[in-house]
Amino acid sequence: MTPKPRPPLPGGPYLVVGLARSGVAAALALRALNQTVVGVDAGKNDRPELTEAAGRLREAGVEVRLDASGVDLAARARTLIKSPGVPEDAPAIRAARERGVVVLGELELAWRLIPNEFVAVTGTNGKTTTTEWIGHVHREAGLPVSVAGNVGTAASSLIDRLAGDVTVVCEASSFQLEDTVAFSPEAAVLLNLSPDHLDRHGTYEDYVAAKLKIFANQGNYDVAVAPANLEVEDLGGCARRVTFGDGPGPELSHRAGYLWWDEQAILPVDEIALPGAHNVQNAMATAAVCLARGVDPEAVANGLRTFAGVRHRLERIAVKDGVTWVNDSKATNVASTIVALEAFESPIHLIAGGRGKQQDFSPLAPLVAERCRAVYLIGEAAGDLADALEPTDVPIHQAGDLEHAVAVVRTSAKPGEVVLLSPACASYDQYPDFEARGDHFRALVEIGRAHV
């Protein structure tokens, strides 16, 4: 597909609000273009990762303010770049809008300054897996690709670093999409929708509206991929719609034990590399967006057979004394944890909790009752989770934090059972991100000299 022209970037000086991974990448990219950039973060100077980021930015010529709201800086900027973790009602954002300052998200910045074809992927669950899977299929086909977005590589770190034939496959969260203005990827994928991040968006309707912005500005020559059974009738935009799902009808269908592209069998479903019904859906979405854009069907099939998966998502990290330890730290909502519980037949010791998102935890109860031997709760949402799971009669341990949870479960898990970290909550009460939570879990397991 031929990339579309991009609208110009509004002029500087630039104020970048939020100096986590995306904000740092945006500020450095703008400085590389010789722009005047000020970076601000409300975090305190005692956070090592923030101090390190501030040092990098200052070396590049970015003025940095920490432990500051940034309200006083809005008057100095013509354009504000908003990191995805910064809420819309943050003081600096309100001050900028009141002054007529243009506010853009980091993803929009990257897309405007990278002239390559974009394939954007969103959904409540499966975004990271599918984004990486699409990248893997491109590599199997010998097509140049760069994977970026919500986790891992920030999209704006790719500015001025890619050859013209490289496809950017980009995971896009609801936080990123709500900050888009003209964002119009050549191909967009919506995997699924269920309530999430209601603490940020307020209502499920607003959350869905943020997700659908991935399609809003697409044109007639673009591709929009979505589930055939999606409850949303109008995706928006003008792109060619391509559906995936079970039975006849969708362009990419699962029937008679095969994945089909129209009437062409792509591969048997039992050859898909990753287990679980949710990964059949991810594989279908991957195949649909690749085949709709002309990727060779044989390469697509090979890519679906050989993908190894991603870290922190149903990642088996060790087996010790017959007990399997699984890191699913990326499960930050109820729907993700349900998928994880459905993935195992063996008795499960579930470690869950963290910072809640105003979710209803009660949908976990039937699967916990059916599949869990015990539950170990951590973090701020432990009380709410305990209330939701009390009717199951499954033993519930208030562990407080991950270290105590692992210590307790280590004494009770038996050979043939599974220890599953699948929190159903965000990590921000005790960790900077879900990766740090998963890495800590791995380290705690390794302390026990578990072996893979």
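## Strands β6 and β9

In this predicted model, Ala120 has Ala188 of β9 as its bridge partner. The two strands involved, β6 (residues 118-122) and β9 (residues 187-190), pair in the parallel sense, with 4 bridges between them.

## The sheet

β6 and β9 belong to an open sheet of 9 strands, whose order is β7-β8-β6-β9-β10-β11-β12-β13-β14. The pairing within this sheet is mixed. Strands of a sheet pair through backbone hydrogen bonds, in either the parallel or the antiparallel sense.

The edges are taken by β7 (145-149) and β14 (264-268). Each of these has a single partner strand, so one side of each is left without a neighbour in the sheet. From one strand to the next, the twist averages 20 degrees.

## Helices across the sheet

Helix α5 (residues 127-140) lies across β6, β7 and β8 (167-171). Its direction is at about 170 degrees to that of β7.

Helix α10 (residues 297-306) lies across β13 (258-261) and β14. The angle between α10 and β14 is about 20 degrees.

## The second largest pocket

The second largest pocket has a volume of about 1,100 Å³. Its lining consists of 48 residues, and those nearest the centre are Asn125, Asn192, His278, Ala335 and Val339. Two or more lining residues come from each of α8 (204-212), β11 (240-246), α9 (277-292), β15 (315-320) and α11 (334-342).

By class, the lining of this pocket comprises 25 nonpolar, 16 polar and 7 charged residues.

Terms used: Residues are numbered from 1 along each chain as its sequence is written. This is a predicted model: local features need pLDDT of at least 70, side-chain atom pairs count only at pLDDT 80 or more; totals for chains, interfaces and linings use all residues. Side-chain values use heavy atoms; hydrogens and water are left out. On a 1 Å grid over the protein atoms alone, a cavity is a set of points where a 1.4 Å probe fits but cannot get out, and a pocket is an open set with protein on both sides within 12 Å along at least five of seven lines; lining residues have an atom within 4 Å of a point. Grid points are joined across faces, edges and corners, and a volume is the space filled by probe spheres set on the points. Ala, Val, Leu, Ile, Met, Phe, Trp, Tyr, Cys and Pro count as nonpolar, Asp, Glu, Lys and Arg as charged, and the others, Gly among them, as polar. Two strands pair if DSSP finds at least two bridges between them. Axes are lines fitted to C-alpha atoms, for helices over the stretch in contact, and angles run from 0 to 180 degrees between N-to-C directions. Contact means heavy atoms within 4.5 Å.
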